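Student: I would like to go through the labels on this model. Can we test each one against its cut-off?

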Amino acid sequence: MPGLKVGSEEHKLLFCREFTRTFHPYEVRDVQWPHLDEANLERLRALPFWSEAVCSERTAGARVRAMADAERDPLLREAIAMQAYEESRHALLLESLMSHYGIAVPDGPGEKPRDAEWGFLRMGYGECFDSFFAFGLFHVAAESGIFPAPLVGIFDGVMQEEARHILFFANWVPYRRLELPSARQPWFHLRRGLGMSLQAIGRLRTALQLRDADAGDDFTMQVPESIGEVTLRKLGQICLGENERRLSGYDPRLLRPRFVPRLVSLALRLAPKGSDARTD
Ligand SMILES: [Fe+2]
Ligand SMILES: [Fe+2]
């Protein structure tokens with residue numbers, strides 16, 4: 001990052017201002033849900049993740065809100081509060097879509113963390129994993145028509161907000177560590193490592209469960225059939241490309257999330273070329 005010192009006041013100004021500058025103002029109540037034909041409606045209702053998605057957006061909203069409330073720096077607080085608003089707006093948008101198209105909306109508020117910083121760290125690393133794969137899967141789902149075309153534009157905005165969230169997080173982590181008194185830095189380092197590892201283990205467990213379920217009938221419940229047209233290698237490449245594209249429009253001096261893209265690039269390099277296992 002030439003000319004910009006990570007952890008400096010200038011760095012903080014840049015990553016907070018880039019975040020607030022790129023805010024997209026809209027109200028969920030103004031969203032006009034398009035008419036879907038029977039085939040699209042059926043496909044939309046069959047997608048397996050609505051309940052989980054709405055619950056995790058509610059939890060994200062509560063966790064980020066708790067961090068904003070605990071933050072004393074006005075600039076950081078403004079940006080983090082804006083992220084909390086966006087997460088809650090994602091939950092509202094999903095609820096609105098679900099009730100409009102006749103999908104049952106689950107109850108329950110987002111779960112508030114007892115320790116704001118720990119909640120924010122865990123969620124941030126979780127978002128770095130999930131968003132990376134969501135960018136690629138969204139691209140595949142939109143191209144193949146699994147995700148109804150009239151809704152792609154609306155949810156593209158949600159994806160781009162997630163890109164802003166992980167960009168902010170990738171800069172907030174080193175800023176936060178360097179801002180702490182040196183005696184507290186190892187503790188933050190440890191929590192950071194633990195937060196990242198727990199998310200990695202969680203994702204690995206899900207992947208293994210999906211692979212186990214692949215042997216039975218449940219797998220089609222989790223992964224729409226048409227994704228089976230795309231090989232795992234191709235999906236990895238698409239995720240890398242989409243991640244790059246979605247993060248490319250922001251100030252080049254800002255740090256980018258690196259861990260997940262590097263891990264996937266490494267996996268692509270190590271996987272034998274002939275082993276283009278299909279996801280089906
Ligand atoms: Fe979100
Ligand atoms: Fe997010």
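Predicted model: local features only at pLDDT ≥ 70, side-chain atom pairs only at ≥ 80, totals over all residues.

Student: What makes Glu 161 and Arg 89 a salt bridge?

Tutor: The closest N and O atoms of Glu 161 and Arg 89 are 2.7 Å apart. The cut-off is 4 Å, so the pair counts as a salt bridge. Glu 161 lies in helix 6 and Arg 89 in helix 4, so the bridge ties together parts 72 residues apart in sequence.

Student: Which residues are joined into one network by salt bridges that share partners?

Tutor: Asp 115, Glu 117, Arg 176, Glu 179 and Arg 191. The structure holds 15 salt bridges.

Student: How do you know that Glu 86 and Arg 164 form a salt bridge?

Tutor: Their N to O distance is 2.8 Å. That lies within 4 Å, so the label holds. Glu 86 is in helix 4 and Arg 164 in helix 6, so this pair ties together parts 78 residues apart in sequence. Both residues are buried.

Student: Arg 58 forms a salt bridge with Glu 95. Why is Arg 58 called buried?

Tutor: Arg 58 has 15% relative accessibility. Buried means under 20%, so Arg 58 qualifies. Glu 95 is at 21%, so it counts as partly exposed.

Student: Turn to the metal. Which residues are the protein donors of the iron ion (ligand 2)?

Tutor: Glu 87 (OE), Glu 127 (OE), Glu 162 (OE) and His 165 (ND1). They lie 1.8 to 2.1 Å from the iron ion (ligand 2). The cut-off is 2.8 Å, so they count as donors.

Student: Why is the site of the iron ion (ligand 2) called irregular?

Tutor: The angles among its 4 donor atoms run from 87 to 158°.

Student: What does Glu 87 bridge?

Tutor: Glu 87 bridges the iron ion (ligand 2) and the iron ion (ligand 1), which lie 3.5 Å apart. Glu 87 is in helix 4 (residues 74-100) and His 165 in helix 6 (residues 149-179), 78 residues apart.

Student: Is Glu 87 buried or exposed?

Tutor: Buried: its relative accessible area is 0%, against a limit of 20%. His 165, at 1%, is buried too.

Student: How many disulfides does a search of the whole structure find?

Tutor: The search finds 0. Cys 55 is partly exposed at 32%, and Cys 128 is buried at 12%.

Methods:
Residues numbered from 1 in each chain as written. Chains lettered and ligands numbered in written order. Heavy atoms only, no water. Disulfide = S-S within 2.5 Å. Buried < 20%, exposed > 50% of the residue type's maximum accessible area, 1.4 Å probe, protein only. Donors = N, O, S within 2.8 Å, 3.2 Å for Na, K, Ca; no water. Tetrahedral: all angles 85-135°; square planar, octahedral: opposite > 155°, others 65-115°. Helix = DSSP H or I, 4+ residues; strand = E, 2+ residues; numbered from the N terminus. Salt bridge = Lys/Arg side-chain N within 4 Å of Asp/Glu carboxyl O.
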